Amino acid sequence: YASRGVAQYLYIYWTLWVHTACTILMIIKTVSTIKIYRKIGTDNTELFKPLTTHHPLWNLYISQSIILQTCIPAIAMLVFNYWAFVFDGDYASDVHAMNAL
């Protein structure tokens, strides 16, 4: 399986899934920020009340916390595995240079 070069495509699939999870996380964070601003506004006294009193906001907080705790280790492993096993140290290709950033 690995001798046919199929294993290198696992990094591509893993990269796409990590990017998808990070995109979903950013969408949820953006939606929650907009909802908090619309519901609470700039009233500082409302910001210090427990979040559990606002049930929809609490659900958004729980979902973004779960996705964040999933994305951070996945990103770390993706970067480590890419640098350790895929990247050969040659910056001749612009694609490799952009992936390094």
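The model is predicted, so local features need pLDDT of at least 70 and side-chain atom pairs count only at pLDDT 80 or more, while totals for chains, interfaces and linings use all residues. Residues are numbered from 1 along each chain as its sequence is written, and side-chain values use heavy atoms, with hydrogens and water left out.

The chain contains four helices and zero strands, in the order α-α-α-α from the N terminus. Helices (H or I, at least four residues) and strands (E, at least two) are DSSP runs, numbered from the N terminus. Of the 101 residues in the chain, 18% are buried. Buried means under 20% relative accessible area, exposed means over 50%, and partly exposed lies in between (1.4 Å probe, protein chains only). The chain exposes about 7900 Å², of which carbon and sulfur atoms supply 67%. Accessible areas come from the Shrake-Rupley method with a 1.4 Å probe, and for residues only the protein chains shown count as cover. Among contacts (heavy atoms within 4.5 Å), those between residues 24 or more positions apart account for 58% of the contacts with a separation of 6 or more.

Helix α1 spans residues 7–40 and includes Trp17. Trp17 counts as exposed because its relative accessibility is 64%. Together with Tyr9, Leu10, Ile12, Tyr13 and Leu16, Trp17 forms a nonpolar patch on the surface, with about 710 Å² of accessible area in total. Patches are made of residues with over 30% relative accessible area and no salt bridge; like charges are joined within 9 Å, and nonpolar side chains (Val, Leu, Ile, Met, Phe, Trp, Tyr) within 5 Å. A salt bridge is a side-chain nitrogen of Lys or Arg within 4 Å of a carboxyl oxygen of Asp or Glu.

Leu25 also belongs to helix α1. Leu25 counts as buried because its relative accessible area is 4%. Leaving out residues up to four places away in sequence, Leu25 touches Gln64, Ile67, Leu68 and Cys71. The C-alpha atoms of Leu25 and Ile66 lie 9.4 Å apart, although the two are separated by 41 residues in sequence.

Gln64 is part of helix α3 (residues 55–86) and is buried, at a relative accessible area of 15%. With residues up to four places away again left out, Gln64 touches Leu25, Ile28, Lys29 and Ser32. The side chains of Gln64 and Ser32 are joined by a polar contact of 3.3 Å. A polar contact is a pair of N or O atoms within 3.5 Å; within protein, one must be able to donate a hydrogen and the other to accept it, and residues adjacent in sequence count only if both atoms are side-chain atoms.
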